[in-house]
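The report below turns to charge placement and salt bridges, and then to the overall fold.

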Amino acid sequence: MDGVLYDSMKYHTLAWRQMMAEEGVECSREEFYLYEGMTGKETIDLIFRRERGHGVSDGEAARMYARKADIFIGMGRKDVMPGAQRMVRTLQERGVGRVLVTGSAQNSLISRLDADYPGAFAPGMRVTALDVSRGKPHPEPYLRGLELAGVRPEEAFVIENAPLGVRAAKGAGLFTVAVTTGPIPRRAFEDEGADMIFDSMEQFADALPGLLATGFRTPEP
């Protein structure tokens, strides 16, 4: 969702940094791009263990994540990712089933899906942070997505913008397309084993009809 369907990661990183600063923990914005896909609790635990030597209780994590969400909402409307609506329309027109798999529980964006992507993601075809016990990079979110879709790994593919998301998808045995919609270098996606990498969602949307026609096989050189 974030960084694939919505150009929202720049706001998430600001909100995370501000919330952590309020807690007396200094973080850079850039590091949160690398944590994308993890649940809020996992992200908070990771930083507190690093900075304070201990994790936090579920109640404390919920309080901090709620504050981060309030900051994020206060930043106003988030734009759809350029090229994403065209990409989703292509999937719909070609009859390709779609499951949303996000590490977020940010209802301010999840609730907008029906308006921004009408008919694209049925309510029963969404996996959020509230539906899993372990977030990305663990494969559980994508394994859950496969269950909802009723397909085997070899019958599906993933569109990701985060290295931890690529790791989760590959761990679930899925063909994975990475799209670099943020500042993370291409090498990070190569290191995680992405099967294809595109420089923007618009570039991927341009290529998608041909990829669907060939089953995501590229011509031999």
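In the protein chain, the mean positions of the 27 positive and 32 negative charges lie 2 Å apart, where Lys and Arg count as positive and Asp and Glu as negative, with His and the chain ends not counted, and where a charge is placed at NZ of Lys, CZ of Arg, CG of Asp or CD of Glu. This is a predicted model, in which local features need pLDDT of at least 70 and side-chain atom pairs count only at pLDDT 80 or more, while totals for chains, interfaces and linings use all residues. Residues are numbered from 1 along each chain as its sequence is written, and side-chain values use heavy atoms, with hydrogens and water left out.

A salt bridge is taken as a side-chain nitrogen of Lys or Arg within 4 Å of a carboxyl oxygen of Asp or Glu, and the count by this rule is 21. The table lists three of these pairs.

| Salt bridge | N to O distance |
|---|---|
| Lys 41 and Asp 45 | 2.6 Å |
| Arg 86 and Asp 206 | 2.9 Å |
| Arg 152 and Glu 154 | 2.8 Å |

Asp 206 belongs to helix H11 (residues 201-214) and Arg 86 to helix H5 (residues 84-93), so this pair ties together parts 120 residues apart in sequence. Helices (H or I, at least four residues) and strands (E, at least two) are DSSP runs, numbered from the N terminus. Lys 41 and Asp 45, by contrast, are four residues apart in helix H3 (residues 40-52), separated by about one helical turn.

As for the fold, the chain's secondary structure comprises eleven helices and five strands.
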